[in-house]
Amino acid sequence: MTPPASVPVSTESIRRKVSVVLGSQWGDEGKGKLVDLLAKDIDVCVRCQGGNNAGHTIVVDGVKYAFHMLPSGLVNPGCTAVVGSGVVVHLPSFFEELADLEAKGLNCDGRLLISDRCHIVFDFHQIVDGLKEAELGRGSIGTTRKGIGPAYSTKASRSGIRIHHLYQPEEFEKRLRAIVESRRKRYGHFEYDVDAELKKYSQLAEKLRPMVVDSVDYLHTAISQDNKKVLVEGANALMLDLDFGTYPYVTSSNTSIGGVCTGLGFPPTCIGNVIGVVKAYTTRVGGGPFPSEQLNKDGELLQSVGAEYGVTTGRPRRCGWLDMVVLRYSNRINGYTSINLTKLDVLSVFDEIKVAMSYEIDGKLVNSFPADLQKLESAKVNYVTLPGWKSDISKCRTWDQLPEACQKYVEFIARELNVPIEWIGVGPGRDDMIHIKV
């Protein structure tokens, strides 16, 4: 029997790999700055999950740009930004964010696209978000109350509304009325004018129409036919992943490498570099366990020197020492090919620096990050202490300019993770970055 003829495969499409930037801790690591840096050599920047509960700040020539839902690659004029299928979109916020960026001088005409498969976050989702938090009382999760969780809930229950439904008026109205009614049955009556919402979204749909694309077709064509370089900007971070984070104190999407595949329709074979962004210490916002948190002067100093306040909510971030248990676990799941170590300059104020190396639970060392939060709350954290460098590194632009103790801290992290550190952030500005593999 004659074997079937092989199908020719474009070697160029195989070589062209998608690069991915992911948060390795609890978010707020500084992913946006690296994306901005990489986007100078990238054609397409993509968001794969989350919504406007994310927050990236980029400083260019003294101008501060705050990104929440839109890919931060927009800062670079040669880059097209795509909001992928896995993102949930609150359209009023989408256009407000776009208007704010354009008011600061960014021309986004023709450079911003959105998947027709994105689910829509409505104002009633935000109302329900607040009602759910109130219902939890003292056990609340500490969400941003942007309606992200309720939107993903309607998506999972197959009652959600997607972007393409905007262009099917009868279907859109039927779905919106049905879902609002179901939420009123669950939470009691709340004020929400469905007729006004229908009118508002009819106008928003026309404003959005030029940006709507089949993102699966667009992205695969960009890679395989147009030979474009694609960069995926992850939102949130691994420890907030719905499956692998500190559940239930997590976000409502998969923030790991798996979320890139499911949120964009990329097979794993498309993915090349996976860059983990690691803050030189640890922070988190909202409730949930935080083993290396420092509820003392060290934590207060990290918060004040690091300006640790949320971009999206303005809430102060909880602060603590770097946690290698978290980072080893994060690396196992995401498989980082290199690391961007950020905010190293913040540690310059300390005489000595601690790093969490392991946990003991019930007198036994644990090899991974535990799922049981009650056990985690009782964990004893084992630290090592490293010398500080007590000098300003914000002007350093090469490895050799860093103090010896600072170099040793960076080398320690790279050695413990067995992953090269390729970028080192030493300040908030676009150019405050050292590029070298350690």
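I began with E308, which is buried at a relative accessible area of 0%. The model I am reading is a predicted one, and I keep that in mind for each entry below.

**Entry on E308 and its partner.** I looked up which residue pairs with E308, and found a salt bridge to K343 whose closest N and O atoms are 3.0 Å apart. K343 sits in the loop between β15 (338-342) and β16 (352-361), whereas E308 sits in the loop between α10 (297-305) and β13 (318-320), so the pair ties together parts that are 35 residues apart in sequence.

**Entry on other salt bridges.** I noted a total of 21 salt bridges in the model, and picked out two further pairs to set beside the one above. In one of them the side chains of K31 and E29 meet with an N to O distance of 3.0 Å; K31 counts as buried at 3% relative accessibility, and E29 is also buried, at 1%. In the other, the side chains of E404 and K408 meet at 3.9 Å, N to O, where the cut-off for a salt bridge is 4 Å. E404 and K408 both belong to helix α13 (residues 404-417) and are four residues apart, about one turn of the helix. I recall that an α-helix has 3.6 residues a turn, so residues three or four places apart point the same way. Here E404 counts as exposed at 56% relative accessibility, and K408 is partly exposed at 47%. Going back to the shared partners, I found that salt bridges join D28, K279, E308, R317 and K343 into one network.

**Entry on T283.** Once neighbours within four places in sequence are set aside, the residues in contact with T283 are W26, G27, D28, F290, E308, R317, R318 and C319.

**Entry on helix α6.** I looked up the span of α6 (residues 169-187), whose 19 residues reach 27 Å from first C-alpha to last, close to the 27 Å expected at 1.5 Å a residue. Its buried residues are F172, L176, I179, V180, R183 and R184; they cover an arc of only 140 degrees around the axis, which puts them on the same side of α6. The face turned away from that buried side carries the exposed residues E170, K174 and K185. After the helix comes G188, with a positive phi near 90 degrees.

**Entry on backbone angles.** I kept in mind that most residues other than glycine have a negative phi, and that most peptide bonds are trans. R158, not a glycine, has a positive phi of about 65 degrees; R158 lies in the loop between α5 (148-156) and α6 and is exposed at 72%. N418, likewise a residue other than glycine, has a positive phi near 55 degrees; I located N418 in the loop between α13 and β19 (421-425), where N418 is exposed with a relative accessible area of 70%. Lastly, I found a cis peptide bond joining Y247 and P248, with omega about 5 degrees, and placed P248 in the loop between β10 (230-233) and α9 (257-264).

Technical notes. Residues numbered from 1 in each chain as written. Predicted model: local features only at pLDDT ≥ 70, side-chain atom pairs only at ≥ 80, totals over all residues. Heavy atoms only, no water. Buried < 20%, exposed > 50% of the residue type's maximum accessible area, 1.4 Å probe, protein only. Helix = DSSP H or I, 4+ residues; strand = E, 2+ residues; numbered from the N terminus. Expected span 1.5 Å × (residues − 1). Arc of directions from axis to C-beta. Contact = heavy atoms within 4.5 Å.
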